Amino acid sequence: ITQLFPLLEMKIREFASLVNIVPFKESEKDFMKYKDPSSIIREILTDVYEHEKSFESVPDFLFIYNMMYNSNSLNIRNECIHGRDYIYSDKENAFKITLLSISMVMKRTEIVKENFSVGAED
C-alpha cells in the first residue's frame with residue numbers, strides 16, 4: 001500500500017498544476033519543497049467552495065481527502081505510513097481505497113486536459 005502513496009501524491013500535484021495551484025511551498029525559504037498533498041486538496045476544496053458554495057462538483061476530492069488524509073476520518077495514508085491500524089486490521093480496504101483515489105485523480109486530470117484541448121480548438 002505504502003508504495004502507492006508517492007504515485008497518488010504525484011497525481012495530485014499534476015492535477016494542481018493544471019488548475020493553477022502551485023504544488024511547491026510558496027515561502028522564500030522553502031520554495032523548492034513540495035506542498036503536502038493534503039494541503040493541495042484543501043486548497044482545491046476551498047477554491048471550489050468559495051466559487052460554488054458547495055462541494056457537489058468535487059465529490060472525488062472530498063472522498064480522497066477524507067479517506068486518505070483527514071485525521072477525523074480514515075486517514076489511511078498516515079495510518080499506514082506510521083504503522084497504526086491498517087497494518088493488521090484492514091489492509092485490503094486500505095489498498096482498494098488507495099487505488100480508487102489514484103484512479104479518481106487520474107480521471108479528473110484526464111477530464112481537465114480534454115476540456116483544455118476542446119477550448120483550444122474553439
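Leaving out residues up to four places away in sequence, S101 touches L8, F63, I64 and M68, where contact means heavy atoms within 4.5 Å. S101 sits in helix α5 (residues 91-121); helices (H or I, at least four residues) and strands (E, at least two) are DSSP runs, numbered from the N terminus. At 0% relative accessibility, S101 counts as buried; buried means under 20% relative accessible area, exposed over 50%, and partly exposed in between (1.4 Å probe, protein chains only).

Please keep in mind that this is a predicted model, in which local features need pLDDT of at least 70 and side-chain atom pairs count only at pLDDT 80 or more, while totals for chains, interfaces and linings use all residues. Residues are numbered from 1 along each chain as its sequence is written, and side-chain values use heavy atoms, with hydrogens and water left out.

**The chain as a whole**

- The chain holds 5 helices and 0 strands, and from the N terminus on its elements run α-α-α-α-α.
- Of its 122 residues, 35% count as buried.
- Taking contacts between residues at least 6 apart in sequence, 54% join residues at least 24 apart.

**Helix α1 and the segment before it**

- Q3 belongs to the segment before α1 and is exposed, with a relative accessible area of 73%.
- Although Q3 and I81 are 78 residues apart in sequence, their C-alpha atoms are 9.9 Å apart in space.

**How α1 meets α3**

- Two packed helices are described by the angle between their axes and the distance between the axes.
- For α1 and α3, the axes come within 13 Å and cross at roughly 145 degrees; axes are lines fitted to C-alpha atoms, for helices over the stretch in contact, and angles run from 0 to 180 degrees between N-to-C directions.
- The contact is made by F5, L8, E9, I12 and F15 of α1 together with F61, M68 and Y69 of α3.
- Sorted by class, this contact has 7 nonpolar, no polar and 1 charged residues; Ala, Val, Leu, Ile, Met, Phe, Trp, Tyr, Cys and Pro count as nonpolar, Asp, Glu, Lys and Arg as charged, and the others, Gly among them, as polar.
- The crossing of α1 past α3 is left-handed, a term for the near helix being turned anticlockwise from the far one by less than a right angle, with right-handed used if clockwise.

**Helix α2 and its buried face**

- Helix α2 (residues 37-52) has 16 residues that should span 22 Å at 1.5 Å a residue, and its end C-alpha atoms are 22 Å apart, in agreement.
- P37, S38, I40, I41, I44, L45 and V48 are the buried residues of α2.
- Seen down the axis of α2, these buried residues fall within an arc of 165 degrees, so they line one face of the helix; the arc is that of the directions from the helix axis to the C-beta atoms.
- An α-helix has 3.6 residues a turn, so residues three or four places apart point the same way.
- The partners against which the buried residues of α2 pack are α1 (5-18) and α3 (59-69).

**S38, a closer look within α2**

- S38 is found in α2 and is buried, with a relative accessible area of 12%.
- Beyond its neighbours within four places in sequence, S38 is in contact with Y65 and Y69.
- S38 and I12 are 26 residues apart along the chain, and their C-alpha atoms are separated by 9.1 Å.

**Positive phi values**

- N20 follows α1 and lies in the loop between α1 and α2.
- Phi of N20 is near 65 degrees, a positive value in a residue other than glycine, and at 71% relative accessibility N20 counts as exposed.
- K53 follows α2 and has a positive phi, near 55 degrees.
- N75, found in the loop between α3 and α4 (76-81), has a positive phi of about 55 degrees although it is not a glycine.
- N75 is buried, with a relative accessible area of 6%.

How values were computed. Expected span 1.5 Å × (residues − 1).
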